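My notebook is open. I want to look up a few helices, a few loops and the core of this model.

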Amino acid sequence: MSEAVASPLLLEDGRGIPRSLPLLAALVEAEALSCAAAAANASESRPADSGLARAFLCCCATTTASRPAESNLVRSFRGGAAPKVPIRIFLERIHLLTRSVPSARGMVRIDGTCFVLAGIYLTRFIRSAAGRDAGILVEPATVHRLVAVAVLLAAKFGGHPPKKWTRVFQDSSEGAIRAEEMVGLESSFLRAIDFRLSVDSAGFDSFCKVLERGPRAPSAGGGCASKKRQADGAAGEDGEHRRVRARLPLPAVVLSN
């Protein structure tokens with residue numbers, strides 16, 4: 001990981017919120033809103049070309065939102081109720097609530113690296129064969145659960161989350177995401193990305209730059225065919241990255257005395 005690229009995103013404000021958190025929230029929220037806007041417009045055949053879709057995610061499904069709940073994958077991430085809390089507040093609650101949940105090794109606090117990894121995992125999920133076959137998108141009905149699982153996996157990969165940390169997602173979503181849902185969602189997410197949690201330095205730095213750029217204005221061109229070509233090219237690059245065994249240092253875990 002390049003210190004020059006990553007360090008600014010890992011800095012925390014006075015509340016302890018890393019800069020990567022609101023940047024990730026802005027990207028996924030823009031993606032969800034673009035899907036919602038396209039779905040509301042019957043003449044649209046695809047979501048608006050938001051920064052997240054163009055930069056990393058492949059939203060090249062043939063419909064304006066996730067296909068009807070005909071597959072277990074779509075059903076699980078749509079869930080029973082969509083949280084109404086904005087994504088940024090949702091992530092901030094998760095980040096701050098983890099400080100009050102004890103673990104065997106003391107108090108655990110996820111750091112800025114976690115939210116960069118979460119964005120990368122979310123990208124892998126949407127671009128995975130399982131995700132594309134199901135037609136699942138980052139939309140209002142799925143965004144909170146997708147982000148929640150991505151953050152959970154990033155915390156597990158880089159630290160030592162508390163055993164009962166899934167309760168944090170229920171509290172952060174005001175009860176819309178049930179704690180017991182998280183086990184099944186985590187399993188589905190992991191299978192879809194083929195359990196690929198390692199991230200090389202180049203991939204980490206690239207996504208840091210995506211976060212820095214933020215959501216982009218919709219473009220005039222770039223239909224589904226164009227996105228499909230971009231996705232196929234990205235899939236080839238992803239296959240190359242799989243052969244790279246380098247692994248990022250574990251995110252810092254702050255323990256209480």
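Predicted model: local features only at pLDDT ≥ 70, side-chain atom pairs only at ≥ 80, totals over all residues.

I start with a term: helices here are DSSP runs of H or I with at least four residues, numbered from the N terminus.

**Entry 1**

I looked up phi for Phe 195. It is near 60°, a positive value in a residue other than glycine. I checked why that deserves a note: most residues other than glycine have a negative phi. Is Phe 195 buried or exposed? Phe 195 is exposed, because its relative accessible area of 55% is over the 50% cut-off.

Then I turned to Glu 174. Its phi is positive too, about 60°, and it is not a glycine. Glu 174 sits in the loop between helix 9 and helix 10. Its relative accessibility is 57%, so I wrote it down as exposed.

**Entry 2: two prolines in loops**

I took Pro 18 next. I found it in the loop between helix 1 (3-10) and helix 2. Pro 18 has 0% relative accessibility, so it counts as buried. What does Pro 18 touch, leaving out residues up to four places away in sequence? I listed Leu 9, Leu 10, Leu 11, Glu 12, His 95, Asp 111, Gly 112 and Phe 115. I also looked up one distance. Gly 112 is 94 residues from Pro 18 along the chain, yet their C-alpha atoms are separated by 4.9 Å.

I read 38% relative accessibility for Pro 86, so it counts as partly exposed. Beyond its neighbours within four places in sequence, Pro 86 is in contact with Glu 29 and His 144.

**Entry 3: helix 2 against helix 5**

I compared the axes of helix 2 (residues 20-40) and helix 5 (residues 87-97). They come within 8 Å and cross at roughly 145°. The crossing is right-handed. Which residues make the contact? From helix 2 I noted Leu 21, Pro 22, Leu 24, Ala 25, Val 28 and Glu 29. From helix 5 I noted Ile 87, Arg 88, Leu 91, Glu 92 and His 95. I sorted these contact residues into seven nonpolar, one polar and three charged.

**Entry 4: the core**

I moved on to the largest nonpolar core, which has 60 residues. Which members touch the most other members? They are Leu 91, Tyr 121, Phe 125 and Val 151. Helix 8 (143-158) is among the elements that give two or more residues to this core. Helix 8 gives the most, with 12 residues. As background, nonpolar side chains tend to be buried together in soluble globular proteins.

I went back to Leu 91. Not counting residues up to four places away in sequence, Leu 91 touches Leu 21, Leu 24, Ala 25, Phe 115, Val 147 and Val 151.

**Entry 5: Ser 128**

My last stop was Ser 128. I found it in the loop between helix 6 and helix 7 (129-134). Ser 128 is buried, because its relative accessibility is 8% and the cut-off is under 20%. A polar atom of its side chain lies 3.0 Å from the backbone nitrogen of Gly 131.

Key. Residues numbered from 1 in each chain as written. Heavy atoms only, no water. Axes fitted to C-alpha atoms, helices over the stretch in contact; angles between N-to-C directions. Left-handed = near helix turned anticlockwise from the far one by under 90°. Contact = heavy atoms within 4.5 Å. Nonpolar A, V, L, I, M, F, W, Y, C, P; charged D, E, K, R; others polar. Buried < 20%, exposed > 50% of the residue type's maximum accessible area, 1.4 Å probe, protein only. Core = buried A, V, L, I, M, F, W, Y, C linked by side-chain atoms within 4.5 Å. Polar contact = N/O pair within 3.5 Å; in protein donor to acceptor, adjacent residues only side chain to side chain.
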